[in-house]
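Visitor: Hi, could you walk me through this one?
Guide: Happy to, let's have a look together.

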Amino acid sequence: PTAPIARDQTFCAPATIASILVSGYSGTLKWYSSNTIASPISTSTGLINGATYYVSQTIGTCSSLRTPVTVTVVPKPGVPYATPTQNLCGNASLNNVIVSNYTGTLNWYDAPIPGGNLITDASVLLAPGTYSYSVSQTLNGCESNRRNVTIIVNQTPIFDLTDLTICESDPLPIYPNFSDNGIAGNWILSNAPGTNIYKYSFVPT
């Protein structure tokens, strides 16, 4: 029989002999680690980067010549790191989630491991609520494993307040511990050094 047809191929780790694409055969394929060794190797054998494997086909009692295939195996990227639970303010998207330990492109999925569909636009604003997502990275065409992340999007407090000017002898105003849209919190008062300017910051509780 004629030798099977196969070209040099590139794979993401991990990959096995069974991953190599072969055409032009009708018999049984046999794989070898060299062009001269007599014993075939299992299709579950892991591929080694830069190695050359040889494939023949057997029809009846006859075997073809062997076709060489050199493989490139790209290492799987590391899993990105993200704090398991993160709180975001309103008008936030997945781009606001803090992720580290990656150099590739982040991939977000709309469910924890092992489920979920790939989210195609991470810039879409998230409505207030709790989301269970997972994230991976793609580097050199290969995708890492995923990490689960719970994202809590808090509603943005709304206030009908404006800057206020008071006399030096007047006490500073006291504001309620609830926003106009019902969010509880505390006010933090800060003063710019050397000025009479005070700033109120509301921190939800």
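Guide: Let's start with C89, which counts as exposed at 58% relative accessibility. Here buried means under 20% relative accessible area, exposed over 50%, and partly exposed in between, with a 1.4 Å probe and protein chains only. This is a predicted model, so local features need pLDDT of at least 70, side-chain atom pairs count only at pLDDT 80 or more, and totals for chains, interfaces and linings use all residues. Residues are numbered from 1 along each chain as its sequence is written, and side-chain values use heavy atoms, with hydrogens and water left out.

Visitor: Thanks! How many disulfides does a search of the whole structure find?
Guide: One. C12 and C142 form it, with their sulfur atoms 2.1 Å apart; a disulfide is a pair of cysteine sulfur atoms within 2.5 Å.

Visitor: Is the link of C12 and C142 left-handed or right-handed?
Guide: Left-handed, with -90° about the S-S bond. C12 lies in strand β1 (residues 9-12) and C142 in strand β9 (residues 142-143), so the pair ties together parts that are 130 residues apart in sequence. Strands are DSSP runs (E, at least two residues), numbered from the N terminus.

Visitor: And is C142 buried or exposed?
Guide: C142 is buried, with a relative accessible area of 2%.

Visitor: Switching to the inside: which residues touch the most other members in the largest nonpolar core?
Guide: That core has 15 residues, and L94, V97, W108, L126, Y133, V149 and I151 touch the most other members. Strands β8 (129-139) and β10 (147-154) are the elements that give two or more residues to this core. A nonpolar core is a set of buried Ala, Val, Leu, Ile, Met, Phe, Trp, Tyr and Cys residues joined through side-chain atoms within 4.5 Å.

Visitor: What does V97 touch?
Guide: Leaving out residues up to four places away in sequence, V97 touches Q86, L88, W108, V149 and I151. Contact means heavy atoms within 4.5 Å. Another core, of 14 residues, lies apart from the largest one, and its members include I17, W31, V55 and V73.

Visitor: Now the outside. Which residues form the nonpolar patch on the surface?
Guide: L164, I166, L172, L189 and Y198 form it, with about 440 Å² of accessible area together. Accessible areas come from the Shrake-Rupley method with a 1.4 Å probe, and for residues only the protein chains shown count as cover. Nonpolar side chains (Val, Leu, Ile, Met, Phe, Trp, Tyr) are joined within 5 Å, and like charges within 9 Å.

Visitor: Where is Y198?
Guide: In strand β12 (residues 198-204). Y198 counts as partly exposed, at 40% relative accessibility.

Conventions: Helices (H or I, at least four residues) and strands (E, at least two) are DSSP runs, numbered from the N terminus. Patches are made of residues with over 30% relative accessible area and no salt bridge: like charges are joined within 9 Å, nonpolar side chains (Val, Leu, Ile, Met, Phe, Trp, Tyr) within 5 Å. A salt bridge is a side-chain nitrogen of Lys or Arg within 4 Å of a carboxyl oxygen of Asp or Glu.
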